[in-house]
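Hello,

Here is the structure I promised to pass on. Have a look at it first, and my notes on its aromatic rings follow below.

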Amino acid sequence: MVLGGGVAGLAAAYYLARDGWPVTVVEKSAALGGLCGSFQSHGFTLDHGPHKLYSVVPGILDEIRALLGDRLIEHQKRNRIRLLGRYLDYPLRLGNLLPLLGPVRAARLGLGYAAALMGGVLRRRDPASYEEYILQRFGRGVYELVFEPLAWKVWGDPRQLSVDLARARIPSTGAAELVLRLLKLKENTEDVDAPFFYYPRGGFGAFPERLAAEVRRAGGRILTSAVPKALERANGTVRAVHVEAEGTTERIPCATLVSSIPMTALARLLRPGDAGVAAEVARLRLRDLALVYLIFDQDRLVDDHWIFFPERRYPFNRLFEQKSMDPGLGPPGATAVCCDLTCDEGDPVWSAPDDELVRRCLDAIVEAGLTSPDKLRAGFVRRFRSFYPMYTVDYRERLGRVYVRLKEADNLVLTGRVGMFNYNNSDHCLDMGRFIAVGMAAGTRPGDIWSGLEERVRSYRIID
């Protein structure tokens, strides 16, 4: 039994069904894929923000190629970052960075680099936060220019964020390596910067759709618009899941339970009425997401796959144009842009009326020189709860306490971003599903598979 029909749940079901295990997937939404799914609007096929298929996990790219075959479009990645009123290639190059900085700011960054380099020679304590990690490796100048404002926009106060987040997100090991890369004296490698990526023709939703098709082809069952209402347990083992769909409740036997649903939902099922477990899970914060879509009467805005906007004067973190992935996803003479804004339920972004968020994003795009106001045809907003796991400095201890309580169910395995509270991408979800199936085939106990996954996910890196 698999709870959740996003990429993580479908990946686990795919590998298990392929190996001959009887599998049932339960998804509460009408559509599969979660935020990796696609949808139709204003004549476009749209994704929930930018998605790509790329991996440095051994064997996963081969799995992706086998799954999607000639539907894959190969892209040579084109990203930029907007800083100080200019667009710079990303990853950064010294040739376009120094003229932008000017002599004073360049000198300040140079001093920051020197301090970071000197600090690397001396013995120091391990960094206790995201902020300390960046300062020790890159210096204050780079930190304040790029890393600090972007951290505030996406994850929150960098002083309260774990070093684990920095290790997962920041590829260079320090100032010396970054300088060498800026000078092109050291080439970027595939585990630092993706030189290319794949995108499925017809929208990213083709990826979860393909996984689901393979699950069904192998004899698996997928229930949508279906809600798990209760878990039937005996001696610490989940024996069955009671699922409500179309007004009726079905008891589905369960030998092993793989869960990719949010821990809050899982805890309510496993420990109904247990206020202590609910409180522990609630301390694991997840940030919410608002996606603002703007439809323009012009064929294209940019040539980039996406552009980062770390400065706080821009309301969004990143801008993504759908046709950059597949020109066939929209009609000629029009384009669709998606701006992602990380937020928290109840804050000014989450609570703002849709038309206000559309106006703020339009004003920022116009100010950034990408279009004019008269080109806007339409705009709308989609909001999603609990998307970004927030790695606070004490998250490991909190997560460990939650895991202890959930592991009282001895046939439970967690997977996925929100299922495990792990910051990962779709390729990692595929790897997690494969890992679970390999463990099951070897006769490994579910609890030991879960423990193995805990170690494995710590090695994952987010490759932009």
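**Aromatic contacts**

Trp306 is buried, with a relative accessible area of 4% (buried means under 20% relative accessible area, with a 1.4 Å probe and protein chains only). Before going on, please note that this is a predicted model, where local features need pLDDT of at least 70, side-chain atom pairs count only at pLDDT 80 or more, and totals for chains, interfaces and linings use all residues. Residues are numbered from 1 along each chain as its sequence is written, and side-chain values use heavy atoms, leaving out hydrogens and water.

I paired rings of Phe, Tyr and Trp (its six-membered ring) if their centres lie within 6.5 Å, calling planes under 30 degrees apart stacked, over 60 edge-to-face and the rest tilted. By this rule there are 22 aromatic pairs. One of them joins Phe197 and Trp306: the centres are 5.9 Å apart and the planes at 35°, so this pair is tilted. Because Phe197 sits in strand β8 (residues 196-200) and Trp306 in strand β15 (residues 306-308), the pair ties together parts 109 residues apart in sequence; strands are DSSP runs of E, at least two residues, numbered from the N terminus. Phe197 is buried too, at a relative accessible area of 0%.

Phe309 and Phe316 have ring centres 4.9 Å apart and planes at 80°, so they are edge-to-face. Phe309 is buried at 0% relative accessible area, and Phe316 is buried at 0%.

Tyr130, Trp155, Phe387, Tyr388 and Tyr423 form one aromatic cluster. Arg417 lies over the face of Phe387, at 4.8 Å from the ring centre (CZ of Arg must be within 6 Å of the ring centre and within 35 degrees of the ring normal).

Best wishes

Methods: Helices (H or I, at least four residues) and strands (E, at least two) are DSSP runs, numbered from the N terminus. Buried means under 20% relative accessible area, exposed over 50%, partly exposed in between (1.4 Å probe, protein chains only).
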